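Work through these exercises with the structure in view. Each task is followed by its solution.

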Amino acid sequence: MSQHSITLTVNGRVYNGTVPARLTLVDFLREHLRLTGTHTGCEHGVCGACSILFDGRPMRSCLIFAVQADGATITTVEGLAPDPAGLSVLQDSFWETHALQCGFCTPGMLIAAHALLMQNREPTEEAIRDAIGGNLCRCTGYKQIVDAIKLAASRLKGANAPASEMTGADHD
Amino acid sequence: MKAAEFDYARPATIEEACRLLDGAAGDGKIIAGGQTLVPLLVMRLARPTLVIDINRIAALQGIAANDDGVTIQAATRQADVLADATIHERLPLLTKGLRLVGHPQTRNRGTIGGSLANADPSAEICLVARTLDAELTARSSGGTRKLMMSEFCAGAMTTSLTAEECLTAIRFPVWTEKRVGTAFTEMSIRQSDFALVAAACQLVLDDGGVCRKLALGIGGVEASPVRATAAEARLTGTRLEAGDVDAAMDELQQTLQPLADVHASADYRRRVAGALVARVIAEARNDAMRVHA
């Protein structure tokens, strides 16, 4: 069985490793790098729990072999928060709207929603549902998750608005 | 489950990929996006000794259009084709089909050629290619071979590619008539799940609203996508009014030989196919009248 040396960037940090060809990227992230935030669900591309950003785009890390990620830039759920003690606006919105119960699907949902909000600041409900269409949740249900993404979108839009719009009420 | 052991190679050129296929003596498998192949590997339904990764072969990426066709290199990502303005303008049927392929996460990795080469009976890209009579290019160390989609599909998950051949490009003809209309729809258990039945239509109307050219494709019903050739012949030259379409659909349903599985019986697929083909004909007709009126 062939072994391969790989170098990849995960959450801004460069990692080196030697992997057998058949090792999936999700197993490399979890077992070699101990980044266990990315979850292993179905392991054949159905549930979306293992979603990561691969060169900026959301993909399923169970459907990529680690050797194929040589040279790639990856963001996992651990890379979404601005600092170890904080949550991103999106993560905070999930918390507030009760968008998680058991939490198993949450990393994949966060990655899918984060990718959506990076390219679409004002997603419609249809766009939100399409973006998480490849992610299965078996407990909380999808409504609160959609609500969380809507809340995050409105907050991010507010945060990016010019100061004059934000403080407009003060001048009335 | 985990994949069985295999060796891995990442060639830089198509020639090198073909040499690797030759060296594997029938046990080599090309991987592009891996969205179909990796599940087959981890479930051990496929156990190649060598996996040949063509993702970094630059010649296998890209979209090029000329007057009467668009050529897509095999390892071009589905998401890139879906977002491409030329495809949207020249091959709207492909854009409509691609919206229903998998999910954003799988379209970001999955390729056009990978979907074709795996030939899932319900694959939208295979259906569009069959409906538009796409021409495929396969390379091996022995040379280049061109084949039409009708001769490429050889059954469920089976193509007429040999073990030494690599699919390299797909050429879709572009219809240049004035009033071209397209429609694509499918029925699945959940949105964006595998299609139980999918239907595609591309047609041309003349200024009087008479259908002058018609292509009707059905996926998910038989082992490979099929064309409704009798319905195409019967409806060309009509105004596609409900009576004409209904009669053609009755005839179509009698000729289909649908698959049956745990998700849908043969009779269900037959009836849904008739309904969906009638629907795409109506939508494509409206599309041709609206866009070019």
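**Exercise 1.** Locate B:Ala25 and decide whether B:Ala25 is buried or exposed.

*Solution.* Start with the position: B:Ala25 sits in the loop between H1 and strand E2 (28-31) of chain B. Helices (H or I, at least four residues) and strands (E, at least two) are DSSP runs, numbered from the N terminus. Next, the backbone: phi of B:Ala25 is near 50°, a positive value in a residue other than glycine. Last, count neighbours. B:Ala25 has 11 C-beta neighbours inside 10 Å, so B:Ala25 counts as exposed. The cut-offs are 20 or more other C-beta atoms within 10 Å for buried, 12 or fewer for exposed, and partly exposed in between, with C-beta atoms placed from the backbone.

This is a predicted model: local features need pLDDT of at least 70, side-chain atom pairs count only at pLDDT 80 or more, and totals for chains, interfaces and linings use all residues. Residues are numbered from 1 along each chain as its sequence is written, while chains are lettered from A and ligands numbered from 1 in the order in which they are written.

**Exercise 2.** Give the strand order of the open sheet in chain B, then explain its edges.

*Solution.* The order of the five strands is E4-E5-E10-E6-E7, with antiparallel pairing. Strands pair if DSSP finds at least two bridges between them. E4 (63-66) and E7 (143-148) of chain B each have a single partner strand, so one side of each lacks a neighbour in the sheet.
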